[in-house]
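Here is a quick tour of a protein with its ligands in place. Have the sequence and the 3D view open as you read.

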Amino acid sequence: MTKAYAAQDPSSPLAPFDIERRAPGPQDIQIEILFCGVCHSDLHTARNEWKNTLYPSVPGHEIVGRIVAVGDQVKNFKVGDLAGVGCMVDSCGHCPACGEGEEQYCDNGFTGTYNGPVFGGENTYGGYSQSIVVKESFALHIRHDEKDLAAVAPLLCAGITTYSPLRHWKVGPGMKVGIVGLGGLGHMGVKIAAAMGAHVVLFTTSPGKIDDGRRLGAHEVCVSSDRAQMAARAGTLDFILNTVAAPHRLDDYLQLLKRDGTMTLVGAPAERHPSPEVFSLIFKRRQLAGSLIGGIRETQEMLDFCAQHGIVSDIETIPMDYINTAYERMLKSDVKYRFVIDMATI
Ligand code: NAP
Ligand code: ZN
């Protein structure tokens, strides 16, 4: 029996719930979970905001821990190693996307770490639990110093979800990049874009985050409710990464892009954004795009990039039974900048 925390329906608080993990198969590793980050997607899922939740729901896809068992065909991990698990635990393995290491775009649908399945027939349970069993091909090596382990956990979702589009749109020196929203994803976006050499402009609705934005690596911070500050930046950005978890006017940001600039949405609000004006796009041939987490190979690349650049998440470590309060605080943007559950407290 494995101790976990689950939502049983959209409105009840998360509460203790025992689950059964499979015995490790030949290609599986078993991880004792030490820390698990709290992503806004966990909240969207626990509360069925995307209308696709399978209950009981055990959220958590920013998992780090220590390997306690390996199957006899496992090649790249051994007992005692630190390992991570992000948002996926399986994919079909044979479609073009899987062939290119982009399992998140698997044509047959990847299996989420929680709220699966596509393969296997039962609901997958995530990282708000003592342990997880996962195919080694979906596990990640942690090369950060062990003392930073809790702060590494959020890289498994917030890190890769921002790294992947920043790489895909070739962010680097000489580019002006906007990051919209300073939450879990946004603060990783600021750190990673700055480490990639871009000039980073943070857009926040929270005037109280200006100093933090600069400390985290933003070269400029713009309070998005200030029309003059926004107008001063019209047509100046090459790329915008929008991490906001609530519906808002996309035109306000599209007008900041240069000719041929792109704004990529990673935030996934429960309600629709108002449709942007066609004119926001056609006059400067601007593009509006989206991006979903990142593949396993790229997730390892991101972890290694962050280890090399000394990047971890800014976290507030919490006990497991604080999770319902943590969700309420996350909704008020009252977290600097990611809650991480200490799984010893479950
Ligand atoms: P978070 O920590 O709650 O951060 C969201 C930030 O958005 C807030 O800190 C706030 O920043 C801003 N914000 C919130 N409400 C707003 C509003 N009404 N208007 C304007 N700005 C608002 O959430 P997160 O964990 O970073 O996740 C962000 C979103 O990304 C969620 O919807 C999540 O489900 C989604 N997500 C997507 C992927 C993917 O693969 N695409 C992966 C993970 C998560 P300021 O205070 O700075 O304005
Ligand atoms: Zn996430």
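In which helix does K191 lie? K191 lies in helix α5. Keep in mind that this is a predicted model.

Let's stay with K191 for a moment. Is K191 buried or exposed? Its relative accessible area is 14%, and the cut-off for buried is under 20%, so K191 counts as buried. If you look for T162, you'll find it 29 residues away from K191 along the chain, with 9.8 Å between the two C-alpha atoms.

**Ligand 1**

A shell of 29 residues surrounds ligand 1, and the closest are T204, T205, S206, K209 and R338. Sorted by class, that shell holds 13 nonpolar, 14 polar and two charged residues.

| Residue | Protein atom | Distance to an oxygen atom of ligand 1 |
|---|---|---|
| T204 | polar side-chain atom | 2.6 Å |
| K209 | side-chain N or O atom | 2.7 Å |
| A268 | backbone N or O atom | 3.0 Å |

On its own, ligand 1 has 930 Å² of accessible area, and the protein covers 88% of that. Which elements give two or more residues to the shell? They are α1 (residues 40-46) and α5 (residues 184-195). Of the elements, α1 gives the most, with three residues.

**The zinc ion**

Now over to ligand 2, which is a zinc ion. Written as a sequence pattern, the donor residues are spaced C-x21-H-x95-C.

C39 is in the loop between β3 (28-37) and α1, while H61 is in the loop between α1 and β4 (63-70), so the pair ties together parts that are 22 residues apart in sequence. Both C39 and H61 are buried.

Conventions: Residues are numbered from 1 along each chain as its sequence is written. Chains are lettered from A and ligands numbered from 1 in the order in which they are written. This is a predicted model: local features need pLDDT of at least 70, side-chain atom pairs count only at pLDDT 80 or more; totals for chains, interfaces and linings use all residues. Side-chain values use heavy atoms; hydrogens and water are left out. A residue is near a molecule or strand if one of its heavy atoms lies within 4 Å of it. A polar contact is a pair of N or O atoms within 3.5 Å; within protein, one must be able to donate a hydrogen and the other to accept it, and residues adjacent in sequence count only if both atoms are side-chain atoms. Accessible areas come from the Shrake-Rupley method with a 1.4 Å probe; for residues, only the protein chains shown count as cover. Helices (H or I, at least four residues) and strands (E, at least two) are DSSP runs, numbered from the N terminus. Ala, Val, Leu, Ile, Met, Phe, Trp, Tyr, Cys and Pro count as nonpolar, Asp, Glu, Lys and Arg as charged, and the others, Gly among them, as polar. Donors are N, O and S atoms within 2.8 Å of the metal (3.2 Å for Na, K and Ca); water is not among the atoms, so sites may look incomplete. Buried means under 20% relative accessible area, exposed over 50%, partly exposed in between (1.4 Å probe, protein chains only).
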